[in-house]
Amino acid sequence: MANSIEPNNFSTSFFGIGIQNGKTPENLGVLWRTAQNLGASFIFTIGKRYATQASDTHNAVKSIPYYHYKNFNDFYEHLPKGVRVVAIEKTDSAHDLETFSHPKRCVYLLGAEDNGLTNEAMERSHFLVKFNSQFSLNVAVAGSIVLYDRSRNKPMQ
């Protein structure tokens with residue numbers, strides 16, 4: 001994983017959430033709606049582009065920015081300064097979400113349900129986080145759980 005130390009010289013706090021190689025536009029639409037409701041500054045996709053969001057009934061597309069990146073390198077090269085990548089993946093080496101302190105400035109990165117995140121994404125992320133779940137969850141549900149956990153005002157690093 002990349003360096004996990006957060007710079008202390010940034011005073012503003014913001015976060016975004018996105019999906020790498022997402023399967024369906026519905027997943028993105030649900031995640032977009034949750035992101036808007038729980039205070040995300042933006043959402044993004046890596047590797048797929050969706051034209052319509054049938055499940056975005058609040059029309060979050062008009063409220064928070066959406067970014068698309070061709071691949072992981074494109075995404076990583078365009079990260080805002082001071083942002084930490086928090087990869088969400090059900091793997092033994094990941095930290096537990098229940099005890100994780102969310103960075104002030106970060107992006108949460110989720111993989112599609114069928115393939116998860118790429119090895120490159122997990123290796124280059126600053127944090128690797130999982131939460132207690134017997135099986136893999138729908139990507140929009142997993143993202144919603146992570147955003148809810150952040151909203152609970154846990155101490156931030």
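**A histidine and its surroundings**

Tutor: Happy to! His126 counts as buried, at 6% relative accessibility; buried means under 20% relative accessible area, exposed over 50% and partly exposed in between, with a 1.4 Å probe and protein chains only. This is a predicted model, where local features need pLDDT of at least 70, side-chain atom pairs count only at pLDDT 80 or more, and totals for chains, interfaces and linings use all residues. Residues are numbered from 1 along each chain as its sequence is written, and side-chain values use heavy atoms, with hydrogens and water left out.

Student: Where is His126 placed?

Tutor: His126 sits in the loop between α3 (119-124) and β7. Helices (H or I, at least four residues) and strands (E, at least two) are DSSP runs, numbered from the N terminus.

Student: And what does the side chain of His126 reach?

Tutor: The backbone nitrogen of Val85, at 2.8 Å.

Student: Let's zoom out. How many helices and strands are there in the chain?

Tutor: The chain has four helices and seven strands. From the N terminus their order is β-α-β-β-α-β-β-β-α-β-α. Of the 157 residues, 48% are buried.

Student: Now α1: which of its residues are buried?

Tutor: Asn27, Leu28, Gly29, Leu31, Trp32, Thr34 and Ala35.

Student: What do the buried residues of α1 pack against?

Tutor: They pack against β1 (14-20), β2 (42-46), β3 (66-69), β6 (105-111) and α4. Contact here means heavy atoms within 4.5 Å.

Student: What comes just after α1?

Tutor: Gly39, which takes a positive phi of about 90°. Asn21 also has a positive phi, of about 55°, although Asn21 is not a glycine.

Student: Where is Asn21 found?

Tutor: In the loop between β1 and α1. Asn21 is partly exposed, with a relative accessible area of 37%.

Student: Switching to the surface, which residues make the nonpolar patch?

Tutor: Leu137, Val141 and Ile145 make a nonpolar surface patch of about 200 Å². Accessible areas come from the Shrake-Rupley method with a 1.4 Å probe, and for residues only the protein chains shown count as cover.

Student: Is Leu137 buried, partly exposed or exposed?

Tutor: Partly exposed, since Leu137 has a relative accessible area of 31%. Leu137 lies in the loop between β7 (127-130) and α4 (139-151).

Methods. Patch = residues over 30% accessible without salt bridge, like charges linked within 9 Å, V, L, I, M, F, W, Y side chains within 5 Å. Salt bridge = Lys/Arg side-chain N within 4 Å of Asp/Glu carboxyl O. Polar contact = N/O pair within 3.5 Å; in protein donor to acceptor, adjacent residues only side chain to side chain.
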